[in-house]
Amino acid sequence: MNDVARRIIDGRTALDRAGVAAHTGAAYTTVNHWHRHRARFGFPHGFTHDGKEWYWLDDIEAFHTAHLAAKRAELTKVDRRGDPEDLIGSGAAARVLGYSSYRNLPDTLLDHPDRIEKLSDGRVRRLWYRRTVWAVADARTGRQSTGRTPGTTGARKPHPYADDPRLHTAITLLAEADAAGQDRRGLGVTLAGQLDITERTAQRLLAAAVASTG
């Protein structure tokens with residue numbers, strides 16, 4: 001890490017905002033979001049040194065530990081009963097995740113069913129192995145899933161846009177809207193125009209951006 005992001009001041013390690021982002025693994029825009037809404041998140045107050053804003057490293061570590069614990073506490077309780085090889089529909093998947101409705105299912109599941117059945121009326125029914133739903137639940141906290149099939153390696157992405165370069169554009173758009181006090185409604189149309197994508201895809205990118213910025 002370079003001297004711009006981290007510095008020893010009076011014998012203590014201090015970080016600037018870029019350093020906070022690097023140390024916590026958060027996006028720089030997320031750090032700005034934490035700072036802007038410090039009353040909500042409990043983000044520590046900084047101090048000025050040589051004309052620059054700094055934060056004590058131990059204060060940032062205490063904040064980030066508490067922040068992650070609070071996010072985990074908000075997660076729904078997962079139902080881990082049943083055979084991991086069971087194929088279940090959207091209603092059952094919602095109940096496994098502790099959601100009141102299938103409408104709350106994340107795009108991670110909706111966009112990647114394990115099987116699709118075509119119904120007589122032309123509609124399709126998405127199905128997932130119970131272990132797949134458990135793995136999606138585990139990805140919310142970084143927990144290693146115990147329901148994967150043997151031989152499966154590699155961590156699942158927390159959402160299908162985790163490595164999508166368009167996600168950065170969505171995060172930037174959200175940050176700019178928040179900074180300007182702009183209503184987030186309508187941002188889907190703006191993002192769709194910027195990236196030349198459908199509004200539905202834009203809305204999913206914005207939802208992933210919200211999730212990734214806490």
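Are helices α8 and α9 roughly parallel, roughly perpendicular or oblique to each other, and why? The model examined here is predicted; local features need pLDDT of at least 70, side-chain atom pairs count only at pLDDT 80 or more, and totals for chains, interfaces and linings use all residues. Residues are numbered from 1 along each chain as its sequence is written, and side-chain values use heavy atoms, with hydrogens and water left out.

Helices (H or I, at least four residues) and strands (E, at least two) are DSSP runs numbered from the N terminus. Two packed helices are described by the angle between their axes and the distance between the axes. Helix α8 (residues 166–179) packs against helix α9 (residues 187–195) at an angle of about 135 degrees, and their axes are 11 Å apart. Axes are lines fitted to C-alpha atoms, for helices over the stretch in contact, and angles run from 0 to 180 degrees between N-to-C directions. Angles under 35 degrees count as roughly parallel, over 145 as roughly antiparallel, 65 to 115 as roughly perpendicular and the rest as oblique. Helices α8 and α9 are therefore oblique to each other. Residues of α8 that meet α9 include Leu173 and Leu174, and their partners in α9 include Leu191 and Leu195; contact means heavy atoms within 4.5 Å.

In helix α5 (residues 90–97), the buried residues (under 20% relative accessible area, with exposed over 50% and partly exposed in between; 1.4 Å probe, protein chains only) are Ala93, Ala94, Val96 and Leu97. They cover an arc of only 160 degrees around the axis, which puts them on the same side of α5; the arc is that of the directions from the helix axis to the C-beta atoms. Their cover includes β5 (87–88), α6 (107–110), β7 (124–129) and α7 (130–139). Just after α5, Gly98 takes a positive phi of about 85 degrees.

His35 lies in helix α2 (residues 28–36). His35 counts as buried because its relative accessibility is 18%. Its side chain makes a polar contact with the side chain of Arg38 at 3.2 Å, and another of 3.5 Å joins the side chains of His35 and Glu53. A polar contact is a pair of N or O atoms within 3.5 Å; within protein, one must be able to donate a hydrogen and the other to accept it, and residues adjacent in sequence count only if both atoms are side-chain atoms.
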